[in-house]
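Subject: Structure handover

Hello,

Here is the structure I promised to pass on. Please open it first, then read the notes below it.

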Amino acid sequence: MRQPAHGGNLAWAAALAGCLPNAILDFSASISPLGPPNSAIAAIQSQIGNIKHYPDPSYSELRLALSHFHQLPSEWILPGNGSAELLTLAGRELAELAATILITPAFGDYYRTLTAYNAKVLEFPLDLGVKSDPLQSTTLQRQRYSEPAPQEDQPCVDDERVFELVDAQRTALQARVASSVFLTQATGVASTSVDTSQGKSPSKGSAVGESAQLRSQSRCLDDLSFFLDEEQQTNELGLLLNNPHNPTGKLFSCESILPYLEQFALVVVDEAFMDFVPPDEEQSLISLVQEYTNLVILRSLTKFYSLPGLRLGYAIAHPERLAKWQLWRDPWPVNTLAAAAAIAALQDQEFQKQTWAWLPSARGQLFEGLSTIPGLQPWQSAVNFLLVESQQSTSQLQQQLLQHYQILIRDCLSFQELGDRFFRVAVRSESDNQRLLTALESVVSAEYY
Ligand SMILES: Cc1ncc(COP(=O)(O)O)c(C=O)c1O
């Protein structure tokens, strides 16, 4: 069976572990352990009788619920079969532009949709402080993904010039990455407090010092703006980015994205994990969508409400754009049960508050536990997963955890910049987190003691 490109592939994991899929403790898919909400389950049950009818193709009730939830007129909202469906439609739009800038490492589905429509991709690597050669790997990737089949009717730019500029910029960036890694290691901050959100209080036990690590991550968007200052021809470019960012867990501020709304022809912000950030800290761009016709926001109900099998997401964008997207797809992408569950979930404020109350301490517990395991360094995260840097091969860790403990972690092999030295884990209940920590300690210690 092939190595999965997404988390949550229990059939693959069970085959490796030699057990049934439901015996696997899954840390690989970043799904809340609190859901699905009872309200959503009850709504599904109440609608079973209606599956003999087609859903309302305009999804008026669902769009009304979303419209109340986001305080936006409902014609600005388009529900979809998971945000993945809407991402595909966004990819089709982006492919009409000269090129799309991707902040990398990027969620694998971005490549799927951009490749499917022969979009040109310019990769803009986050400063991860990884010691491998980022220039080398991203150049390879660019060759792999951004050379579209020639099409007569696509707008044409001087690719060589764009790529030369990006490459020059990458070289400058790389020098700065190198010096920041050195600086980070030299200062090696080790400080004292628990959790985290966004690097305000670095935790102890980190080998490299998360505060410096986060500083270097947050430089990414500034670096992009440096590139844009030099190369102003962005009116034909698209930008696809993820906030909060998967797999780093980094939350970009609205202010850091704002300038790009003026500079890019189309900005698609995937906010699949934004619900996990409590209302007083969230950085959604939804409130700007009526001001910027070139802004598209993608949201998902999969993660926060624990409904990945139901498939429910939505896009927020200008009504004309959404009307066009509607013509690009089948008339009933969201089934009756999913629509009913979504309406109930959106109204379930108790569930939302419970999640915001649960996450910081569960994440802090997992972060602290991981920090104390030799050779592992978790990254601070604003959401319900942690990226962990590992001195051991992650594929080997994954295999041993599966075979000995039936625990599945997400390797990062599909994120080319991360490779075999990172893994990602979802934050689960405190007892599940503890099970993972105990298993990891024992697997890692086989190497360390
Ligand atoms: C960053 C990101 N965006 C979008 C998706 C797709 O989510 P959905 O289940 O809504 O299609 C995922 C799923 O893993 C994701 O990680």
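Two residues are in contact if their C-beta atoms, placed from the backbone, lie within 7 Å. You will need that throughout.

This is a predicted model, so local features need pLDDT of at least 70, side-chain atom pairs count only at pLDDT 80 or more, and totals for chains, interfaces and linings use all residues. Residues are numbered from 1 along each chain as its sequence is written.

**Overview**

The protein has 14 helices and 13 strands. These are DSSP runs, numbered from the N terminus: helices are H or I with at least four residues, strands are E with at least two. Of its 449 residues, 46% count as buried. Buried means that 20 or more other C-beta atoms lie within 10 Å of the residue's own; exposed means 12 or fewer, and partly exposed is in between. Take contacts between residues at least 6 apart in sequence: 72% of them join residues at least 24 apart.

L322 lies in helix α10 (residues 319–327). L322 is partly exposed, because 19 other C-beta atoms are within 10 Å. Setting aside neighbours within four places in sequence, L322 is in contact with L78, A315 and A317. L322 and E75 are 247 residues apart in sequence, yet their C-alpha atoms are 8.1 Å apart.

P79 sits in strand β2 (residues 77–80). Is P79 buried or exposed? P79 is buried, because it has 24 C-beta neighbours inside 10 Å. Its C-alpha atom is 7.2 Å from that of V334, 255 residues away along the chain. Beyond four places in sequence, the contacts of P79 include Y59, R63 and V334.

**Helices α2 and α11**

The axes of α2 (residues 38–47) and α11 (residues 336–347) come within 8 Å and cross at roughly 145°. Axes are lines fitted to C-alpha atoms, for helices over the stretch in contact, and angles run from 0 to 180 degrees between N-to-C directions. Among the residues making the contact are A40, A43 and I44 of α2 and A340, A341 and A344 of α11. Leaving aside neighbours within four places in sequence, A341 is in contact with A40, A43, I44, L307 and L310.

**The core**

The largest nonpolar core has 114 residues. Such a core is a set of buried Ala, Val, Leu, Ile, Met, Phe, Trp, Tyr and Cys residues joined through C-beta atoms within 7 Å. I297, A341, A342 and L386 have the most contacts inside it. Its largest share, 10 residues, comes from α11.

Best wishes
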